[in-house]
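This report goes through one protein structure, from its overall make-up to single pairs of side chains. Please keep the sequence and the model in view while reading.

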Amino acid sequence: MGAVTLLLLVLAAWATTAPAAAAEENCAKQVIADWYDNGRVDNIYELQCYRDAVKALPVDVRDYSSAKDDILRALLFAQQGKTDPGDGDPGSDPGGGTGSDPGGGTGSNPGGGTGSNPGGGTDTTPTTTPSVDTAGPSSIPVPLLVLAGLATLLLVLGAAGYLTRRKASRRGDEPPAPA
């Protein structure tokens, strides 16, 4: 009688956990299918579904597309109870402005101002990095430095060999036999 009861308990536990695992797998598939639709997650799912979806992504999709980043971005919006507005392309801006500003302004500011300042004011930091001029006379190419180092090393070794032979000939020793 004890073995039958134990068997029934095991079967009951398995019956209650199997649908939950299937539901988690199903919601991860829903998130992935939602992303496949247009490259973003349009609906709000349970937070664990996003994490499961990232784990369930095929390797090639994870490595060669922005699926992982897009799903994680959708997770961040879902934590705030919002839907993902998209990837910030000017053609897909839901706010009507330019950039990725859902507030309708310009730049990538969710606060509605200009620039990329999350506080909403004008951003004074430069948005592009200055280019580095490597063609000017102030820059020395690395290969040239390596060649100069090797040339110096060979000159020092050659001078050391010359001085040892000269010293040996002054003492009257025979020079070492050539190799």
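The text below covers the helices, the disulfide, the salt bridges and a surface patch.

This is a predicted model, in which local features need pLDDT of at least 70 and side-chain atom pairs count only at pLDDT 80 or more, while totals for chains, interfaces and linings use all residues. Residues are numbered from 1 along each chain as its sequence is written, and side-chain values use heavy atoms, leaving out hydrogens and water.

**Overall make-up**

The protein has 5 helices and 0 strands, which gives the pattern α-α-α-α-α along the sequence. Helices (H or I, at least four residues) and strands (E, at least two) are DSSP runs, numbered from the N terminus. Of the 179 residues in the protein, 17% are buried. Here buried means under 20% relative accessible area, exposed means over 50%, and partly exposed is in between (1.4 Å probe, protein chains only). The protein exposes about 12,900 Å², and carbon and sulfur atoms supply 63% of this area. Accessible areas come from the Shrake-Rupley method with a 1.4 Å probe, and for residues only the protein chains shown count as cover. Among contacts with a separation of 6 or more, 29% are between residues 24 or more positions apart; a contact means heavy atoms within 4.5 Å.

**The disulfide**

A disulfide is a covalent bond between the sulfur atoms of two cysteines. The criterion used here is a pair of cysteine sulfur atoms within 2.5 Å. The structure holds 1 disulfide, and it joins Cys27 to Cys49 with an S to S distance of 2.0 Å. Cys27 is in helix H1 (residues 2-38) and Cys49 is in helix H2 (residues 47-56), so the pair, 22 residues apart, links distant parts of the chain. The torsion about the S-S bond is about -105°, so the disulfide is left-handed. Cys27 counts as buried because its relative accessibility is 12%. Cys49 is also buried, at 4%.

**Salt bridges**

A salt bridge is a side-chain nitrogen of Lys or Arg within 4 Å of a carboxyl oxygen of Asp or Glu. The whole structure has 3 salt bridges, listed here.

| Pair | N to O distance |
|---|---|
| Asp42 and Arg40 | 2.7 Å |
| Arg73 and Asp70 | 3.4 Å |
| Asp84 and Arg73 | 3.1 Å |

Salt bridges that share partners join Asp70, Arg73 and Asp84 into one network. Asp84 lies in the loop between H4 and H5 and Arg73 in helix H4, so their bridge ties together parts that are 11 residues apart in sequence. Arg73 and Asp70 are 3 residues apart in helix H4 (residues 67-79), which means that about one helical turn separates them. Arg73 is partly exposed at 21% relative accessibility, whereas Asp70 is buried at 5%. Asp84 is buried as well, at 5%. In the remaining pair, Asp42 is partly exposed at 24%, and Arg40 is partly exposed at 25%.

How far apart are the end C-alpha atoms of H5? They are 43 Å apart, which agrees with the 42 Å that its 29 residues should span at 1.5 Å a residue. The expected span is 1.5 Å times one less than the number of residues. After H5 comes Gly172, which has a positive phi near 90°.

Val142, Val146, Leu150, Leu153 and Leu157 form a nonpolar patch on the surface, with about 480 Å² of accessible area together. Patches are made of residues with over 30% relative accessible area and no salt bridge; like charges are joined within 9 Å, and nonpolar side chains (Val, Leu, Ile, Met, Phe, Trp, Tyr) within 5 Å. Leu150 counts as partly exposed because its relative accessibility is 47%.
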